[in-house]
Amino acid sequence: MTIEITAGPTPAEAMPVDRSLQTRPVGLLADIGNVLVRELRPILRQPASVLFAMVQPLVFLGLFAPLLPDTGEVSALQWFVPGIVAMTALMSASFTGANLSEEIISGSFERLLVSPVRRSALLIGKALREMVPLVLQTAVIVVVVTPFAFDLHLGGVLLGVVVLIPFSVGIGALSLALAVAAKEQAWVFWTVQQTVIFPLLLLAGVLLPIDGAPGWLQTAADLNPLTHIVTVERALFAGNYPVEDLIVGFGASLAVGLVGLLVGVRAMDRAD
Amino acid sequence: MIRTVGLTRHFTRNKTTIEAVAGLDLEIAAGELVAFLGPNGAGKSTTLRMLTTLIAPTSGSAEVAGYDVVRDRAAVRRSIGYVGQGNAAGHQFRGRDEIYCQARAHGLSRSVAKERTAALLDAFDLSQHADVPVARLSGGQRRRLDVAIGLVQQPPVLFLDEPSTGLDPQNRVNLQEQVRRLNTDLGTTIVLTTHYLEEADALAGRVIVVDHGRVIADDTAAALKSALGDLIAMEFTDVEAAGAAAERADRVPGAQVRVQGSRVELRAAYGRDLAPGLVSDLAATGTPVARLEVVGPTLDDVFLDLTGRSLREAQQEADGTDPSAQSTTDQEVAA
């Protein structure tokens, strides 16, 4: 026979708290950096993932560009590629909210909302991530088209990417705001995203020139910031640097960036 | 550690206002392990979401770790760990990166954050699964990762919202063990919600029963149950013996006696203390007990006693299924 004697529960002494683990306030920039690093890790581990967001632009490049007639001195491809780069920027950045939708549904977004990370940093860090796909995707497009009737002006392309950065970040921020507003209903996100993207693209003269458009369409195109960005991208990709177009195009891009971040931060502040 | 005064939250849906939490007054001391028990929609999660700064109260106030959940959100967020109903780690991210990110969010230095991440992965037996996307982990592994993320800065208070929902029994027991150890070893104040009676019973020193946004009971699981009394079930060799025994049992103060053939059941406060005397009395008077069972009340009995409906019925009610058909047959059987 075995007799087991167990002592009753004894009050446990609380272990000393490890001082180095003590939480302390984090600066805004460190907060943004933390969110940005988190966002970038999956992309840097799997850079090929940025290709998924550019399937549509690549389809247009392969199946639509060959239909365009060459006009005057520049090849149709030379005219078309800058627009496709801008389209890729728009598409890719506008998809970013889908990742957030996934985080909202799975629960990791809630954890971030309860963490000490500032709401503004949460949005800005996630939106700034868009810079990386923009650079990678532009590189892919340029590499793909350079063997064909496309003259590479590297300086212009690089400046073109710089001009697109605020636009990408702003569209990313708007997409994130949309995902926050849609909450668990991812279909709301997709419906709005799809409804907005194509008019923006067509009105910017990405696929066909706006030049011969009726007046009302011309006015709508003028109000579209993407129109001015595409205009300056076309000049830059051709190796020209028209100062006035640059100012207007970069201004339009900055405006989208600022509005996007403002709307995004407001939406994020109210997230629950 | 936690204090609420008239904490209230309304939701407006389809122009009707629902009082999800109605004037909660609560005091939870440091080092307590408290379970909010109630059916879905009782207001448990809404309370937790207010205490963790996710949503603002409609009225009333709450303090967590000495900070107001509305005025001093940032300080509250630094003081708490939170394990929500979903997964804390993003499915496309890696476990190691997610713990590290949380550590950096709490202001731990790079080197400390790295060490802490490794230590937590080790403590939760996740080191082997830390460097693959979270989407590839099993449910139990993800849940352990959630808790690890919640503990990154050794918070004085840990909130867990339905921690064991969706876990298999083995993982559920493991999780309960980890939560209990955290409470006893580190003195962490723990507040969890559950609709598993067994969980509240096994885990929590204090059970707060919530229904329709109000606290309907607040005590230790043992006290809640002892108020209802224990069930003493005795079997006898024949019906006459049972009849005689029932007469004797009826003299136990406050006892409710039921006879079914050769079986006598009585429910009485402190029944487990009375049973030995009763059994020897019966043997002395010539009606020896053939078989004896003493059963303590479950928290389900407690809920039934407090609300007039079983936890399962309340659950079905909240889930929108109509329990009336089921409960009618239950009553007929009982009658």
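**Reading chain B, one feature at a time**

In chain B, take the contacts between residues at least 6 apart in sequence: 64% of them join residues at least 24 apart. This is a predicted model, and the dialogue below walks through it.

Colleague: Let's begin with the overall picture. How many helices and strands does chain B have?

Modeller: Chain B has 13 helices and 14 strands. Its C-alpha trace spans about 80 × 50 × 35 Å along the principal axes. Of the 335 residues in chain B, 43% are buried.

Colleague: And which domains is chain B divided into?

Modeller: Domain 1 covers 2–220 and domain 2 covers 229–295. Their centres, taken over C-alpha atoms, are separated by 45 Å.

Colleague: Okay, sheets next. In what order do the strands of the open sheet of chain B come?

Modeller: Read the order across the sheet, strand by strand. Here 4 strands line up as β12-β13-β11-β14 of chain B, with antiparallel pairing. The edges are β12 (256–260) and β14 of chain B; each has a single partner strand, so one side of each has no neighbour in the sheet. From one strand to the next, the twist averages 15°.

Colleague: How many bridges join β11(B) to β14(B)?

Modeller: There are 5 bridges between these antiparallel strands. To see the pairing in the model, find E235(B), which stands opposite R291(B) in β14(B).

Colleague: Which strands does α9(B) lie across?

Modeller: α9(B) lies across β11, β12 and β13 of chain B, and runs at about 10° to β13(B).

Colleague: Now a helix on its own. How far does α10 of chain B reach from its first C-alpha to its last?

Modeller: Compare the reach with what the residue count would lead you to expect. Helix α10 (residues 271–284) of chain B has 14 residues and reaches 20 Å, close to the 20 Å expected at 1.5 Å a residue.

Colleague: Which residues of α10(B) are buried?

Modeller: Start with the general idea: an α-helix has 3.6 residues a turn, so residues three or four places apart point the same way. In α10(B), the buried ones are G271(B), L274(B), L278(B) and L282(B). The buried residues of this helix pack against β11 (230–235), α9 (239–249), β13 (263–268) and β14 (291–295) of chain B.

Colleague: What about a strand: which residues of β6 in chain B are on each side?

Modeller: In strand β6 (residues 80–83) of chain B, I80(B) and Y82(B) are on one side, while G81(B) and V83(B) are on the other. All of these are buried, and both faces are covered. β6(B) also pairs with strand β7 (residues 157–161) of chain B in the parallel sense, over 4 bridges. Within that pairing, V83(B) stands opposite L160(B).

Colleague: How many residues lie between β1(B) and β2(B) in their hairpin?

Modeller: There are 2 residues between them, and N14(B) in the turn has a positive phi of about 50°. Strand β1 (residues 2–13) and strand β2 (residues 16–28) of chain B run antiparallel and are joined by 9 bridges. As one example, F11(B) has I18(B) in β2(B) as its bridge partner.

Colleague: Let's move to where the chains meet. How many residues does the contact take from chain B and from chain A?

Modeller: It takes 35 residues from chain B and 28 residues from chain A. On the side of chain B that touches chain A, the elements giving two or more residues are α2, α3 (95–105), α4 (110–123) and α6 (169–186) of chain B. α3(B) gives the most, with 5 residues. The residues on that side of chain B divide into 13 nonpolar, 16 polar and 6 charged.

Colleague: Can we zoom in on a single residue? Why is R77(B) counted as buried?

Modeller: Count the neighbours: the cut-off for buried is 20 or more other C-beta atoms within 10 Å. R77(B) is buried because 24 other C-beta atoms lie within 10 Å. You'll find R77(B) in helix α2 (residues 73–79) of chain B. Not counting residues up to four places away in sequence, R77(B) touches V114(A), S115(A), P116(A) and T53(B).

Colleague: And in chain A, is P166(A) buried or exposed?

Modeller: P166(A) is buried, with 22 other C-beta atoms within 10 Å. It is found in helix α7 (residues 154–182) of chain A. Leaving aside neighbours within four places in sequence, P166(A) is in contact with S253(A), L254(A), V256(A) and G257(A).

Technical notes. Residues numbered from 1 in each chain as written. Chains lettered and ligands numbered in written order. Predicted model: local features only at pLDDT ≥ 70, side-chain atom pairs only at ≥ 80, totals over all residues. Buried ≥ 20, exposed ≤ 12 C-beta atoms within 10 Å, placed from the backbone. Contact = placed C-beta atoms within 7 Å. Domains from an automatic or database assignment. Nonpolar A, V, L, I, M, F, W, Y, C, P; charged D, E, K, R; others polar. Pairing = 2+ DSSP bridges. Expected span 1.5 Å × (residues − 1). Axes fitted to C-alpha atoms, helices over the stretch in contact; angles between N-to-C directions.
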